Amino acid sequence: ISFHRHPRVDSSLKMRNHTMVTEFILLGIPETEGLETVFFFLFSSFYLCTLLGNVLILTAIISSSRLHTPMYFFLGNLSMFDLGFSSTTVPKMLFYLSGQSQGISFQGCVSQLLFYHFLGCTECFLYTVMAYDRFVAICYPLRYMVIMNHRVCAILATGTWMGGCVHAIILTSLTFQLSYCASNEVDYYFCDIPAVLPLACGDTSLAQRVGFTNVGLLSLICFSLILVSYTRIGISISKIHSAEGRQRAFSTCSAHITAILCAYGPVIIIYLQPNPSALLRAIIQILNNLVTPMLNPLIYSLRNKDVKSALRSAFHMKGFAVENKRKT
């Protein structure tokens with residue numbers, strides 16, 4: 001008598017023979033051995049500038065009633081995003097660049113991937129909303145405050161964060177519903193889908209297809225809407241008779257376009273290119289994760305007279321309060 005073992009039982013027994021992964025090892029930035037100390041000081045300075053610049057922007061917007069407008073409301077959201085986005089990957093990277101452990105727990109890897117895609121998707125939506133805000137301000141200046149009222153701004157901001165949350169939950173669930181029971185070495189400096197999926201034991205085709213389609217489709221839709229907004233803005237600017245008015249409108253738009261190019265370039269190269277090199281992928285994502293959040297305060301606001309005036313007033317009031325406290 002011959003007994004045939006059920007394929008599900010075979011599969012179950014094979015899984016038991018493997019040890020399930022409870023920790024991943026981040027191998028770091030590819031092809032940079034021996035440069036850890038240099039990168040540690042370089043990235044530390046970038047990260048501190050990112051924190052300082054975005055905290056200053058938030059301080060200015062919160063403290064000055066003159067900046068309680070739709071444009072600065074969305075800039076405040078962008079600053080919060082930049083603080084969170086850079087803090088998702090950079091502290092752990094600096095930790096192991098300083099010679100500490102390169103390990104990250106399974107739960108920590110899940111959290112890193114979740115927040116990275118949550119904040120990354122939110123960025124795409126937020127840039128689209130900011131393009132719409134500039135479109136209304138330049139094309140319908142007399143109705144701007146009526147169209148972009150407090151309720152509309154709150155709905156748009158909430159929608160960007162909720163949309164990013166749904167996107168991240170879908171991708172994270174598809175990635176980590178798979179079993180990880182083989183190698184635990186992530187050949188990258190943080191947990192991202194292209195680096196983690198090759199370590200899975202099961203079939204990764206669904207997660208890969210949904211991940212690339214989802215990221216690519218959302219980026220394409222958002223970028224298309226931004227192009228439509230700026231096409232309309234360009235037509236409106238060309239109709240402005242005053243040279244000063246054209247220059248002011250173009251200055252506002254050029255800052256936003258610069259930030260968009262910095263944000264969308266990495267997404268296009270990493271997710272829509274068939275086989276980008278590991279080093280190129282790492283450099284571009286460091287640009288996206290660390291350099292762009294550092295530059296955004298300079299691109300958008302720190303060169304703005306209203307922001308500088310609000311910061312001076314905020315620090316003057318702070319110094320005046322401290323001086324009065326000492327006298328009493």
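Tutor: The model is predicted. Helix α3 covers residues 70-97. Start with its length. At 1.5 Å a residue, its 28 residues should span 40 Å. The end C-alpha atoms are 40 Å apart, so expectation and model agree.

Now the axis. α3 has a kink of about 40° at S87. The proline P91 comes shortly after S87. Past the helix comes G99, with a positive phi near 100°.

α3 is mostly covered, with 21 of its 28 residues buried.

An unreviewed UniProt entry places a "transmembrane region" at residues 74-94. Over residues 74-94 the model is 100% helix and 0% strand. The end C-alpha atoms of residues 74-94 are 30 Å apart. The entry gives the feature at other spans too, including residues 38-62. Residues 38-62 are also 100% helix and 0% strand, and their end C-alpha atoms lie 36 Å apart.

Finally, confidence. The protein chain averages a pLDDT of 83, and 86% of the residues score at least 70. Among the elements of the chain, helix α6 (residues 150-176) has the highest mean pLDDT, 95. Helix α1 (residues 7-17) has the lowest, 42. Over residues 1-17 the pLDDT is below 50. Beyond near neighbours in sequence, that stretch has five contacts in the model.

How values were computed: Residues are numbered from 1 along each chain as its sequence is written. This is a predicted model: local features need pLDDT of at least 70, side-chain atom pairs count only at pLDDT 80 or more; totals for chains, interfaces and linings use all residues. Side-chain values use heavy atoms; hydrogens and water are left out. Helices (H or I, at least four residues) and strands (E, at least two) are DSSP runs, numbered from the N terminus. The expected span of a helix is 1.5 Å times one less than its number of residues. The bend at a residue is the angle between axes fitted to the seven residues ending there and the seven starting there. Buried means under 20% relative accessible area, exposed over 50%, partly exposed in between (1.4 Å probe, protein chains only). pLDDT is the predictor's confidence in each residue, from 0 to 100. Contact means heavy atoms within 4.5 Å. UniProt positions are given in the numbering used here, feature names are shortened, and annotations may be inferred rather than shown by experiment.
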